[in-house]
Amino acid sequence: MKSARPDRRSFILSSFFFILFLCVLASINEVRFDSLLKFGQCALSNTPSSNNSSPSANSSLDDIRILIGILTLPDQYNRRHFLRLIYGTQTPAGARVDVKFVFCNLTKEDQKVLVALEIMRYDDIIILDCKENMNKGKTYTYFSSLPEMLRDTDENSTTPYPPYHYVMKTDDDSYFRLNNLVDSLRELPREDLYYGYVIPCPSMDPFVHYMSGMGYLISWDLVEWIRESEIPKNHLEGPEDKTFGDWIREGHRGKNRFNAKWSMYNYPEPATGCTHELWPDTIAVHLLKNQEKWIRTLKYFNVTDNLKPSKLYHIP
């Protein structure tokens, strides 16, 4: 019986060292796993995003900064995905152009899930605190909400001011060629600017009437004026583009105006006084109400010319 004690002591000692060895091995593996996890997180955080919400990201202070707000409806999922292809494949030089989809409060349970997923994936949606409408103040809510939405409260932030030089309102049936848009803005003032397609269609004088709702752009100081002035607040209802023009006229704003006609126009068919044939100097085409019109327009401007050859696909 006495000879069993050394064996027992040896067994306990061996077990202790074996357990210690396992602990050391687990610690080494944990360190390796943590390092791998951190590396993966670093790699993900450095992956470029096509829809970064910061106006200063991936751009220099000299770049023109433009916010394009596409006013649409929450249920227009397919249209938003289509427009992401249209604008996500355009890379204007010397500019930061952020394209956001703008609509009022969500009202359905499916919207609350699907729109939330869109935001998580693309970060390109602005939800306004309003009831969905076309001509009862949605445009006002859009412009007047931006200064507070984009206000940077971090004293140490490097985000430039203003967050955008220009802000645009457009529709989801308009197609903007971003390079041409940016080029048309390079020599224009960055204050008190009102830019677009003059209505009525035969007019070429931007100081007489107003800019079409197909897409009009204003400088940031006018965005701030809309938020602060009583003039827009007291005149919310009516055709939104005409109402906007009324604000500018009554407030004696928009001393700098630019008529982009005929680089902006309605789709050629059916022919009216507002239409124009597709041509190379185009900035925007409006009234693309169906897929056929979109495809014809995109083919005319050769939007797939930069498609790289690959063994993975064959597109004749």
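The report below takes up model confidence, then overall composition, and then each disulfide in turn.

## Basis and confidence

This is a predicted model, in which local features need a pLDDT of at least 70 and side-chain atom pairs count only at pLDDT 80 or more, while totals for chains, interfaces and linings use all residues. Residues are numbered from 1 along each chain as its sequence is written, and side-chain values use heavy atoms, with hydrogens and water left out.

The average pLDDT (the predictor's confidence in each residue, from 0 to 100) is 87 for the protein, and 81% of the residues score at least 70. Across residues 28–52, however, the pLDDT is below 50, and this stretch has 8 contacts in the model beyond near neighbours in sequence, a contact meaning heavy atoms within 4.5 Å. Where pLDDT is low, the predicted coordinates should not be read in detail.

## Overall composition

The protein contains 9 helices and 12 strands; these are DSSP runs numbered from the N terminus, with helices (H or I) of at least four residues and strands (E) of at least two. Of the contacts with a separation of 6 or more, 71% are between residues 24 or more positions apart.

Of the 316 residues, 44% are buried, where buried means under 20% relative accessible area, exposed over 50%, and partly exposed in between (1.4 Å probe, protein chains only).

A search of the whole structure finds 2 disulfides, each defined as a pair of cysteine sulfur atoms within 2.5 Å. In sequence order, the bonded cysteines pair as 1-2, 3-4.

The sulfur atoms of Cys-104 and Cys-130 are 2.0 Å apart, and their link is left-handed, with -85 degrees about the S-S bond. Because Cys-104 lies in the loop between strand S2 (95–103) and helix H3 (109–122), and Cys-130 in the loop between strand S3 (125–127) and helix H4 (138–149), the pair ties together parts that are 26 residues apart in sequence. Cys-104 counts as buried at 0% relative accessibility, and Cys-130 counts as buried at 13%.

## The disulfide of Cys-201 and Cys-274

Cys-201 is joined to Cys-274 with an S to S distance of 1.4 Å, and the torsion about the S-S bond is about 65 degrees, so this disulfide is right-handed. Cys-201 lies in the loop between strand S7 (198–199) and strand S8 (210–211) and Cys-274 in the loop between strand S11 (264–266) and strand S12 (284–286), so the pair ties together parts that are 73 residues apart in sequence. Both Cys-201 and Cys-274 are buried.
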